[in-house]
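Thanks for coming, everyone. I'll walk through one structure today. Please have a look at it before I start.

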Amino acid sequence: MIEELRDVADWVWLVPALPLLAALTTGARVLLGRAAGDAGERLTARLTELAALTALLLLVLIDLAVIWHGWPGQKIVGTWFAAAHWQGRISFLLDALSLPVATLTALIGWLVVRFSATYLHRESGFQRYFIVLAMFLGGIQAVLLSGNGLLLFLGWEMCGIASFLLIAHAWQRPVATGNALFAFVTNRAGDAGLLFSLGLAAYWVGSFEWPALLAASLPLVDLRVLVLGFAVAALAKSAQLPFTPWIARALEGPTPSSAIFYGSVMVHAGVFLLLRLEPLLFHLPDVLAGLLLIGTLTAVYAWLCGLVQTDVKSALIYATVFQVSLMLVAIGLGWTTLATIHLCLHAAWRSWQFLLAPSWLQLTRDRPAPPPAWLVGRQAIYTAALQRLWLDKLGVTLLAGPTTAIARDVRALEESFIDRAIGEPGKGRSIDPERPLVCADGLPGRLLAALSLLLQRIENRLLLRGRGGAAERMLREAGRWLQTLEALLEQPRYLMMAVMATFVVIL
Amino acid sequence: MEPSIEQRLHHWIEHLAHVLPAQAPIRDFVHHNTLHGFQHLPFADALAAAQALTGAQVYWPAQRFGAEYAAGRIDRDDLSAALDDQGVDGLDDEVVGGLSRRQILLAELLTDVPGGAVPALAVCRRLLGDAAPVDEAWPELARRRWDALHAGIGRQYSLRALLLRLSGEDVLESVRSILQRHLAAHLDLGMAAWSNPAGGRGFFAAWKASAALDLSWELDELPGIRDEIQHLPDEPLPLLVDELRALLPDESLWPGYLERLALELPGWSGMFLWRDQHPAGGAGHPVSMADYLAVRVFLERQLCGELIRRLTGAPLGLEELHAYYHACPAEFLVREAWHLAVLPEDLLATASALCEQTLDGREVRGWEALAPRVAVFLQADESTRWAAGLQKLAGQLALDEARLNELGRDAVNRLLDAARLSPLQRGQIWLAAYEGHYRESLFVALAANVGRQAAPAAPSAQVVMCMDDREEGTRRHLEELAPDIETFGAAGFFGVPMYWQGVDDPAPQALCPVVVTPDRLVSEQVAAGSESLLARHAQRREIRLQWRERLYQGSRRAPLAGPLLTAAAALPGLLALTASSLAPAWASLAGKRWRTQFDGRVPTVVDPGVGDGNMPGFSDDEQVERVAAFLRTIGLSASFAPLVLILGHGSGSRNNPHLSAYDCGACSGRHGGPNARVLAAMANRPAVRAGLAARGIVIPDTCHFLAAEHHTGDDSIEWYDLEQVPAALQSPCDTLLKQLAEACRRHAVERCRRLASAPSRPSPWQARRHVAGRVADLAQARPELGHATNAAAFIGRRTMSRGLFLDRRVFLISYDPGSDRDGDIVERILLAAGPVGAGIALEYYFSTVDNERFGCGSKVTHNLTGLFGVMEGADSDLRTGLPWQMVEIHEPMRLLVVVEQAPAVLSAILARQPALQELVGNAWIQLAAQDPATGSLSRYCPRRGWLPWSGRAVLPQVARSHDWFAGESGPLPPALLLGGVA
């Protein structure tokens with residue numbers, strides 16, 4: 001038995017693949033119209049649960065194998081694409097960081113799937129929800145277990161899209177779709193950082209693989225730039241300042257999705273990325289100090305905002321952000337083991353607390369303790385906390401405002417000049433009053449029309465001007481010549497000469 | 001003398017109570033008529049008024065009724081009878097081509113049922129020709145429509161609604177975002193740790209203090225407002241008057257406008273008003289509706305003003321806006337067509353580009369060119385609708401094209417006139433037909449059951465349950481199981497309105513219908529000799545609860561203890577989650593057991609005579625009075641069985657903010673067990689028995705009253721004071737315990753048939769296990785289905801309904817007409833149970849027909865807010881009414897109350913009771929009578945008086961309930977049960 005466990009880590013690719021397969025299967029069933037009604041619901045839920053449970057059991061087996069066979073380390077499953085020394089591999093890094101977090105995530109994922117199957121019974125978006133949830137479970141495992149940056153990026157994006165789709169689960173409500181877009185766009189900033197760093201890694205290090213990347217000896221300046229991109233991605237995903245507002249607007253989805261995404265699992269992905277980069281971070285005390293500062297500021301911010309929240313989901317989300325920012329502080333101080341342990345414990349507790357959010361009324365009996373006396377009477381700070389330091393409004397004003405303005409100008413440019421220059425279908429006007437059938441709009445259209453007029457003129461001039469036109473005469477002349485040539489060729493001697501000439505050419 | 005503005009405002013605010021949801025904070029959810037403010041109107045008029053005011057659906061959509069028709073739950077005769085009920089004129093006169101108005105109307109209604117061949121639309125359009133509105137020049141069309149719109153401001157629309165129509169931009173979104181945080185903070189009952197420092201001075205002051213410091217205004221490009229807010233008056237009233245005057249110069253429109261504004265965020269407005277009117281239900285901060293309205297009107301004017309500025313380029317007042325679009329009919333017409341979405345795609349794109357560009361603040365041209373092209377579609381829209389109507393109608397009447405042509409234009413127009421039904425009339429007729437169909441099946445059942453039943457001569461036990469429709473099933477199964485048991489039903493507070501304080505309760509709670517304010521208090525006492533146990537219990541319980549509080553609140557917001565608590569609780573939390581996911585029933589039971597073990601058990605007793613320092617208990621005379629009145633009401637004043645069980649009920653579920661919506665409605669949404677226990681304790685006291693005997697109710701010494709509580713969620717029974725059962729009755733008592741437990745298990749089987757995740761055809765034990773797991777499941781949004789099946793109420797002896805399968809759809813209220821010649825008792829019952837039953841039925845009705853407006857939508861996105869309500873997500877209106885999961889299978893119809901009493905007696909009661917006159921006369925409930933002597937049935941029609949019923953009393957017969965419902969998952973018609981008859 002123990003011997004058989006030796007190779008179980010080779011199957012780790014199933015952990016992200018199975019939920020994805022479940023998502024694909026459900027998606028196909030929905031497309032084929034095979035997922036309607038209670039029976040369709042049951043099958044979807046069972047399928048997703050089975051995938052989640054299998055992933056969990058597999059991870060538990062791998063964990064067990066660790067006891068006897070040690071950490072599996074980097075496992076290369078296959079090469080996705082390769083060009084010269086550039087290799088995009090499907091590889092997994094199974095170590096003391098990824099395995100515990102992934103196992104816990106798989107457990108929470110399985111429990112949330114079970115929870116959702118009952119909770120969302122007969123909800124109109126049931127199938128949609130499960131497709132997205134399964135996609136998330138696959139994506140987050142790819143993030144956690146990935147052995148290289150590329151796979152992590154893939155999972156990272158899947159989580160981002162899943163999050164977007166679930167915030168907009170109640171798409172009939174404009175608030176939900178607006179907030180989904182807000183969260184999505186904010187997270188794109190982080191994705192840009194991630195992509196930037198991966199590009200640099202490919203360029204400077206020549207590999208996406210974590211072991212190569214983490215052991216790379218780069219000049220400190222380069223390293224700093226490389227890590228900063230990753231750090232931006234981590235800060236955005238873990239909703240640290242200045243990105244925090246998106247997570248408070250992400251609570252529109254069904255309660256279990258809020259629980260697994262923002263309460264317990266996805267919000268920790270950023271912290272996880274930083275923990276993954278730990279060896280690099282330790283070369284850069286200034287970056288660590290920066291993380292420490294951001295973590296501290298976020299902690300103060302989240303604590304302050306948490307004081308005034310009046311709905312249970314918002315109250316819990318600020319509590320979550322607060323503790324996540326403490327993990328960042330721990331990383332900043334170099335206490336990565338503490339941060340990892342805190343991450344796991346926090347994820348476990350918050351999933352319980354978030355799933356029980358609807359029963360807050362029964363779980364608590366008193367008002368929470370008031371804030372310290374020096375704070376209580378401060379109207380300005382209160383207002384700032386209530387308006388969440390205006391961060392989301394600022395984001396909209398500073399980013400969305402100018403973007404909209406640019407878009408508006410570009411649109412005006414397009415409508416006034418480009419569209420006119422290119423021309424639009426159905427807008428054509430006749431350019432020659434004598435030929436009302438030839439209509440054109442825009443530069444290419446006019447050119448074509450002009451060309452067609454020209455050709456028509458040629459046609460008219462040369463061919464159609466009845467008998468005795470120039471063209472007819474020339475053609476008759478050419479016909480006579482050809483007939484003479486043919487008569488000559490038909491004679492045997494000329495025929496033989498032609499054959500011999502052919503042979504000469506061939507030889 | 002003209003009343004001052006204060007008085008008038010006070011009056012307007014009082015009026016708002018009629019139109020806003022009157023839901024209390026969610027902890028005390030009690031069913032009530034959603035349209036309680038319209039109850040003075042006849043049902044159909046009230047619904048029309050409510051729709052005009054709120055835009056809500058007030059009937060099921062016609063397609064839904066059409067589907068019921070297709071499923072055989074409504075038939076043609078029902079529709080025909082419904083037309084008679086509505087009092088449509090000249091129903092049987094010929095209109096055209098041998099068709100009577102009745103036939104035409106029936107055909108028109110049945111156009112909602114899918115299927116059937118139809119003539120070509122073009123033919124219909126050609127035939128109608130003149131019927132379509134005349135073509136008019138587009139500027140006239142535009143001005144006519146604009147004038148009509150503008151005149152509706154303050155009556156039908158607020159300025160914001162008008163601007164939404166013109167610009168496509170909803171000011172309300174901003175208003176809600178701005179207001180919602182302040183409102184929730186001010187009303188908060190204990191979620192936030194920190195509330196506005198100025199909150200103690202009222203909402204207006206708090207908002208002003210905070211808004212003046214709020215930088216959002218700058219970011220929203222409304223920079224001037226902050227200064228303006230700083231210099232606002234300190235009192236809301238002057239501000240309100242100023243702003244209203246600036247908005248609407250015409251004062252007569254103010255009350256209507258305030259009503260409109262309040263109704264734009266009905267949930268928040270309703271909660272604010274409730275707290276205004278119930279100061280005791282708050283948490284310190286004073287709540288005044290005038291504050292809220294002042295802020296709301298201020299925001300309306302500011303934000304609408306800003307939008308008008310962007311829309312027209314100038315800060316226009318209402319009259320100026322009117323003049324503006326009068327002068328630019330082209331622009332208005334394009335905007336109108338854009339809003340109504342009647343345009344083909346290319347025009348729509350052009351129109352929306354124009355409309356959106358104005359908001360960007362750019363000079364826009366092209367309205368004039370677009371307007372005439374758009375006008376065509378606005379006009380065509382109307383005529384197409386007419387032609388489509390004719391097309392469907394002709395299809396139903398089997399009039400083919402040839403026949404239509406033959407009839408000619410005039411006849412076709414007459415046909416259409418005869419068929420004209422407003423959507424409201426249509427809904428009303430369908431509803432009447434739907435109700436009629438079910439009523440017919442109940443009448444058949446009642447008629448078939450006449451004379452089949454007699455009360456058991458020497459019952460082994462008598463069980464008094466709540467009138468609740470859910471207990472119909474329990475009673476039926478108990479009687480089937482033990483034919484010698486007699487059952488009764490009564491409002492679940494059992495005639496004992498009181499404050500109750502259990503040993504574990506932090507404060508007394510009122511257990512009685514919500515309209516009654518009790519003046520007696522009963523507190524649970526520790527049994528003699530166990531005082532030290534109680535002290536230990538209280539102490540340990542307090543420790544446990546403090547730790548729980550520390551854990552949940554601390555891990556949420558304590559900066560230092562939070563991470564530590566989180567770390568400590570993570571593993572138990574994860575284990576608990578896993579356990580309750582895999583074995584919810586076991587996890588819940590184990591948790592309960594451990595809690596009890598930790599706290600320690602305390603034996604308790606109840607003495608109805610002992611109150612507390614502030615409020616007395618019931619004196620001996622009062623106890624006699626209460627018990628006698630109660631027993632007389634239910635018709636149990638002689639031939640007592642050895643055991644009389646008073647069975648209250650309550651529900652329980654995990655993770656469910658709407659918890660109390662499943663509890664006993666007669667106990668203000670709480671558990672009715674304590675009332676049962678107090679009544680039993682009263683009836684067992686020798687002093688009370690002596691008093692009763694003096695009043696002619698002789699309870700033999702061999703008779704003992706028991707009390708228990710039925711958990712309608714998991715069908716378990718909690719028994720009280722079993723140690724007081726006399727030794728002689730121990731064995732019958734054991735038998736009763738067993739019988740009731742088995743009846744509950746069988747009842748669980750019946751409940752399982754409506755639950756999709758329950759095993760199909762379960763055994764009683766399986767069913768019981770399923771419901772136990774269901775109630776304990778954290779993920780379960782439907783712990784039970786509540787009153788989802790309620791449809792009728794019977795007031796009479798059990799012989800009237802015993803042996804009938806009624807599918808848990810009927811409130812059963814015991815009443816003996818024999819001892820109530822002049823109807824005094826039934827009058828009291830109707831007064832008490834009528835509003836409770838009507839409240840439940842009507843709340844379910846409205847939450848079903850428009851779950852978006854009257855209900856609170858799906859539970860899955862609910863977010864508990866301020867401990868007083870739920871929002872969808874983190875920024876929405878407060879949602880009131882019932883969640884979709886509770887009404888999913890509900891069949892919306894008005895409660896049918898069948899009273900076993902002579903119609904003449906009931907007429908007299910109606911005549912002298914205005915409250916009942918309102919309910920019955922305005923048709924909020926349907927009333928019927930079954931004559932106690934002959935068993936003949938008649939129903940009351942507000943328009944035509946009592947209508948005797950005649951029909952064939954033939955009903956399917958089965959041996960037991962189980963034979964009728966096994967394998968069925970939909971609603972079932974009544975059946976006669978052959979077994980279980982004593």
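**A binding site, a core and an interface**

B:Cys466 sits in strand 3 of chain B, residues 461-466. Keep in mind that this is a predicted model.

The unreviewed entry places a "binding site" at B:Cys466, B:Asp468, B:His649 and B:Cys664. These four are spread over 199 residues of sequence, yet they cluster in space, with a largest C-alpha distance of 9.0 Å.

Next, B:His649. Its place is strand 9 of chain B, residues 643-650. B:His649 is buried too, since it has 26 other C-beta atoms within 10 Å. Its contacts beyond four places in sequence include the other three annotated residues, B:Cys466, B:Asp468 and B:Cys664. Among the rest are B:Glu709, B:His710 and B:Thr712.

On to the core. The largest nonpolar core holds 438 residues. Which residues have the most contacts inside it? B:Leu645, B:Leu679 and B:Ile813. Take B:Leu679: away from its sequence neighbours up to four places off, it touches B:Phe494, B:Val496, B:Val627, B:Phe630 and B:Ile646.

Now chain A. A:Gly160 belongs to helix 5, residues 149-167. A:Gly160 is buried, because 22 other C-beta atoms lie within 10 Å. Past four places in sequence, A:Gly160 contacts A:Phe184, A:Asn187 and A:Asp191. A:Phe184 is 24 residues away along the chain, but the two C-alpha atoms are 6.9 Å apart.

Helix 6 of chain A has 32 residues, so at 1.5 Å a residue it should span 46 Å. Its end C-alpha atoms are 45 Å apart, which agrees.

Last, the contact between the chains. Chain A gives 72 residues and chain B gives 69. Several helices of chain A give two or more residues to the side that touches chain B, including helix 3, helix 6 and helix 19. Helix 15 of chain A has the largest share, nine residues. By type, that side of chain A divides into 38 nonpolar, 20 polar and 14 charged residues.

Key
Residues numbered from 1 in each chain as written. Chains lettered and ligands numbered in written order. Predicted model: local features only at pLDDT ≥ 70, side-chain atom pairs only at ≥ 80, totals over all residues. Contact = placed C-beta atoms within 7 Å. Helix = DSSP H or I, 4+ residues; strand = E, 2+ residues; numbered from the N terminus. Nonpolar A, V, L, I, M, F, W, Y, C, P; charged D, E, K, R; others polar. Core = buried A, V, L, I, M, F, W, Y, C linked by C-beta atoms within 7 Å. Buried ≥ 20, exposed ≤ 12 C-beta atoms within 10 Å, placed from the backbone. Expected span 1.5 Å × (residues − 1). UniProt positions renumbered as here; feature names shortened; annotations may be inferred.
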